[in-house]
Amino acid sequence: EVPPLDVPELLAVLVRQSGPFLDQFGIRRNLCDKIVENLCSKRKNQLVLRSLVAGEPPAVDPDKINDELDLRIASVLQSTGHCSERGGSWTDFMKPDVTDGKRHVAIVTTASLPWMTGTAVNPLFRAAYLAKSAKQKVTLLVPWLCRSDQELVYPNNLTFGSPEEQENYIRNWLEESVGFEADFRISFYPGKFSRERRSIIPAGDTSQFIPSKNADIAILEEPEHLNWYHHGKRWTDKFNHVVGIVHTNYLEYIKREKNGALQAFFVKHINNLVTRAHCHRVLRLSAATQDMPKSVICNVHGVNPKFLKIGEKVAAERELGQQAFSKGAYFLGKMVWAKGYKELIDLLAKHKNDLNGFKLDVYGNGEDAHEVQSTAKRLDLNLNFQKGRDHADDSLHGYKVFINPSVSDVLCTATAEALAMGKFVVCADHPSNEFFSSFPNCLTYKTPEDFVAKVKEALRNEPQPLTPEQRYNLSWEAATKRFIEYSELDRILNNEYSGTTIRKSNGKVIARSVSMPTLSEMVDGGIAFAHYCLTGNEFLRLCTGAIPGTRDYGRQHCKHLHLLPPQVESPIYGW
């Protein structure tokens, strides 16, 4: 039904795209516009006729001719059913189907429940609260591990025989936490667990697990982690808008290792390059993370609603004159030195006499548990070690003071949870705690002597009840609102973003093409291409610490996720 492009229209497109190139030879932009206008004389006559019918002056704006040409090209491409899978550095006419009025948001993360880590829990809540508004369709993409890896990662010997089984577990946990049924899709991509890094590395091209028709907006949780060894389609080629959220202060952990300073130097620059190449926007949860291109600082995380409910219950008990806090101070966290245990033991050892009679209960499991406990015993510290447990466990409700000396966190979830429960928090004056410092129950210290003073102050006084505004600021509703604003998602969802302007033609939504990349975009494209080439070499991947065989997914993942073998999915002659 749509007539094909004729020769003058094709020439008009060529002249318009060559404008910046012709400008180098002194051919001015207005001359190119004139040539395009003359080549599109048929369109010009139609616009003049429309103006006369509408009773307007028969003047033709060159921008209107360009818009009409854009719509003609997009209409012809849509009529052929063609969709460019790989995308291009010059123009990408075909965009996801949003004819139902809803945009598609894909959240990609590096971990999944039942592993109770921040990159498993927070993206899950983000998906639930973004889907709750019903303004956009949401897909959460999480890693699927083979059984041998599940046994290493998931607690209490919990394993799953199929992705459907794990999805049911995730949904049940989420519904129990938030109190409503979240309408979003959960998909899985192949992943492998690295023992050395204690993290999950994607296997194969993660972006291929979001269908092209749904490839609209991508949220990459830990974009540097997802893209270290990413050998596949560039995220910004496939998606209209890509937002990265930095969760982890990798440089702080790496600096504690052997030759840490040298390793951190390389990792810092690699992180900058991969996030620049694959993201339009990067959100840093706090200034504790490394500064990255295109980044802004904003806490876009909330707390599990059950902690706010505990806080409300504690406030109600105190109003009735009941004693809400019957215990003193505690610390809770994974028992590895980097999670604040080194700082904690150093502080308590240095001021053992100043804190005479002070007892601290410590809850946690981890690889360094034996060493941490042995060190505390050798220094004769008054620490009572207990097995790790959920922070919402009833046995922890009675504590009045949560102590967290960690400076490796980006934004400590346990600190937010303790504040939500109405407790005092004693923590370091550090960029990772900047968001919490505005809460009156958050007592920050700058020196070891200040630490002693803040601990004594917290034990001596009663915490203030949270105001409604403070409770809201800790909630996922507020976090989602901040995320939509700082990620520029509000402009995207309202079709106001300059890079992905959406125009309507005959009731259909069509994306306007981009005629020529900027110098910055060309540099980003060059970085992405170089990264693609380097990650395609197995020797170079292994030299930089990749898990063997993760360039493509393996047979087990093919079986569990019902995938075609990578040789069939991406044949070498189809590159």
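Predicted model: local features only at pLDDT ≥ 70, side-chain atom pairs only at ≥ 80, totals over all residues.

Reader: Where is Val455 found?

Author: Val455 belongs to helix α17, which spans residues 448-460.

Reader: And which residues does Val455 touch, leaving out those up to four places away in sequence?

Author: Val455 touches Leu355, Phe358, Ile403 and Val426. In sequence, Val455 and Phe358 are 97 residues apart, while their C-alpha atoms are 9.3 Å apart in space.

Reader: Which strands does helix α17 lie across?

Author: Helix α17 lies across β9, β12, β13 and β14, and runs at about 160° to β14. Helix α16, residues 413-420, also lies across β9, β12, β13 and β14, but its angle of about 160° is to β12.

Reader: What is the strand order in the open sheet?

Author: The six strands are ordered β11-β10-β9-β12-β13-β14, with parallel pairing. At the edges stand β11 (383-386) and β14 (442-445); each has a single partner strand, so one side of each is left without a neighbour in the sheet. On average, neighbouring strands are turned by 25° against each other, direction ignored.

Reader: How many bridges join β10 and β11?

Author: Four bridges, in the parallel sense, with β10 covering residues 360-363. Val362 stands opposite Phe385 of β11.

Reader: Turning to the core, which residues have the most contacts inside the largest nonpolar one?

Author: They are Phe184, Leu360, Ile403 and Phe451, in a core of 105 residues. Helix α6 (residues 118-132) gives the most to this core, namely nine residues.

Reader: Why does this core lie between domain 2 and domain 3?

Author: Because both domain 2 (103-302 + 518-561) and domain 3 (305-474) give residues to it.

Reader: What is Leu360 in contact with, beyond its neighbours within four places in sequence?

Author: The contacts of Leu360 include Ala329, Tyr330, Phe331, Leu344, Leu348 and Ile403. Asn382, Leu383 and Asn384 are also in contact with Leu360.

Reader: One last topic: which residues of helix α3 are buried?

Author: In α3, residues 29-39, the buried ones are Cys32, Val36 and Glu37. Viewed down the axis of α3, they fall within an arc of 140°, so they line one face of the helix.

How values were computed
Residues numbered from 1 in each chain as written. Heavy atoms only, no water. Pairing = 2+ DSSP bridges. Helix = DSSP H or I, 4+ residues; strand = E, 2+ residues; numbered from the N terminus. Axes fitted to C-alpha atoms, helices over the stretch in contact; angles between N-to-C directions. Contact = heavy atoms within 4.5 Å. Core = buried A, V, L, I, M, F, W, Y, C linked by side-chain atoms within 4.5 Å. Buried < 20%, exposed > 50% of the residue type's maximum accessible area, 1.4 Å probe, protein only. Domains from an automatic or database assignment. Arc of directions from axis to C-beta.
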